[in-house]
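Welcome! Take a moment to look over the sequence and the 3D structure before reading on.

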Amino acid sequence: MKKKLKIATVFSGIGAPEQALNKLNVDYDIVFACDNDEIELKETLDEIKENFKKSEYKDIKKYVNDLYSNTKKPKYVKQAYFANYDIDENRWYPDIRFLDGKQYKDKVDLYIGGSPCQSFSIIGKRGGLEDTRGTLFYEYARLIKEIQPKAFIYENVPGMLMHDKGNTWKIIKDVFESLGYNVKYQILNSKDYGIPQDRRRLFVVGIKDKNVEFEFPKPKKLNKTMFDYLEKKVETKHYLGKKGFEFVTNPKYKNRARVNKDIIQTEKANQQFNWNGDFVFEEYDKVKNNKEILDRAYVGIFEGKKGVIRQLSYRECMRLMGFSDKYKIVVPNVPAYRQAGNSIVVNVMEEVLKELFKVVKF
Ligand SMILES: C[S@@+](CC[C@H](N)C(=O)[O-])C[C@H]1O[C@@H](n2cnc3c(N)ncnc32)[C@H](O)[C@@H]1O
C-alpha cells in the first residue's frame, strides 16, 4: 500500500490544504488540526497556566477545552471542519498556545498554517524564536521546532513583508532559517492560478532537506470569470432592496461594493454584510416571472438596463475560493461567509503543493 501523506494544520479554518489534497487525489492522514473559533478568552496565557496548576485538572488540553466551552460561544469552525474531514477529538486542539508538539516529533510530513494578522509590535530585534514570544507566529514556529516536519507552508497577508519597514519579516524569516529550514517566499495572486479573485497572499515554503530547491508555480492565463461560478438559482434572501441596490451601484462606494465584475475583489470575513463585496446584476427578463424575488428585490437601472441585484451566495463564495461543491456548508450565514473570506484559495494551495511534491519525497 502506498504511504499516506501525514499533514498537520494550525489556524486550520475550513481546511483549504485538505481541499487541495482532495483535488490532487493525494491520500492523507490528518495528524492534528487546531482552531479556536476566534473566541477570545478573558484570561491571559500566564493566568491560564497558573490557574491550571491550581486546578484539579491533570490534562491542560481538557482544561483549555472546558475554558472554551464555558464561554458558551458557538464553535462554527470546528463544526465545519468536523463535517468535512476525517478528524476526531483526540486530534483536534482548541488553542495553538496549549498544543504540545513534542508528542508529534517526526510524525508529520507537512505542516501548514497562517497565523492571524495581529500586531507584531512586541517582536524583538535580536533574532531568534524567543524574540517573537507573545505572538501567534511564535506558536506557529515553536511547533516547527517541536515537530520537525519535512516541510511547512505558511500563509499570510502581503503586508507582513512591509510591516515595521521590513523588520518584522526579517525576524520571521530569520526564525524559520534558524530552525534549520531552507525558506522561499513569494506573493501569489489567485487570479494567476485559475480563480477570478484578486487576492494577493504571502506564501512561505520551508524545506528541511537543504539540498532541495523549491520553485513557486508560474502564473497561468485566467480563462474564467465570476459568471462561471454562479449558481443557477439562489435563495430569495440574497436579493437587495432599494437601499442596497442604490448603495452597491453608487460609484462613491466602488472600493467596497462592486457589481458584475469579471474578477472579484479579495473575499473578506465581512463580505456580503453592509454591502461589502461583489454583487450580481440580473436583468429583469430573467426574474420577471418570479414573484418571490420581485416581492423582495428592488428593480432598478444598472448600466442602462433594468433588473435586480443580489449578493453572492455562500456556495458561490466558496467556489470562488476554489472549494468544490462536495464541501458541505453546515453553519449559518454569518459564519459561512466569514469562513470563506478567512480561508486560502484552494487552487493556489494546489499549485504550491504540486511544486513541492516535485522536489520533496514524502
Ligand atoms: C485567517 S484564518 C485562517 C483560516 C485557514 N487558513 C483556512 O483555510 O480556512 C485564522 C484562523 O486562526 C484561528 N485562531 C485564532 N487564534 C487562534 C489560537 N490561539 N489558536 C488556534 N487558532 C486560532 C481563527 O479562529 C481563524 O480560523
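## Contacts along the chain

Two residues are in contact if their C-beta atoms, placed from the backbone, lie within 7 Å. In this predicted model, residues 24 or more positions apart account for 74% of the contacts with a separation of 6 or more.

## Overall build

The protein has 12 helices and 11 strands. Its radius of gyration is 22 Å, close to the 21 Å that the globule rule gives for 362 residues, so the protein is as compact as a globular protein of that length.

If you follow the C-alpha trace along its principal axes, it spans about 65 × 50 × 50 Å. Of the 362 residues, 40% count as buried.

## A loop to look at

Between strand E8 (257-259) and strand E9 (277-283) runs a loop that holds Asn274. Trp275 has its place in the loop between E8 and E9 as well. Asn274 is not a glycine, yet its phi is positive, at about 50°. Trp275, also not a glycine, has a positive phi of about 60°.

Trp275 has 19 other C-beta atoms within 10 Å, so it is partly exposed; a buried residue would need 20 or more.

How values were computed: Residues are numbered from 1 along each chain as its sequence is written. This is a predicted model: local features need pLDDT of at least 70, side-chain atom pairs count only at pLDDT 80 or more; totals for chains, interfaces and linings use all residues. Helices (H or I, at least four residues) and strands (E, at least two) are DSSP runs, numbered from the N terminus. The radius of gyration is taken over C-alpha atoms; the globule rule is 2.2 Å times the number of residues to the power 0.38. A residue is buried if 20 or more other C-beta atoms lie within 10 Å of its own, exposed if 12 or fewer, and partly exposed in between; C-beta atoms are placed from the backbone.
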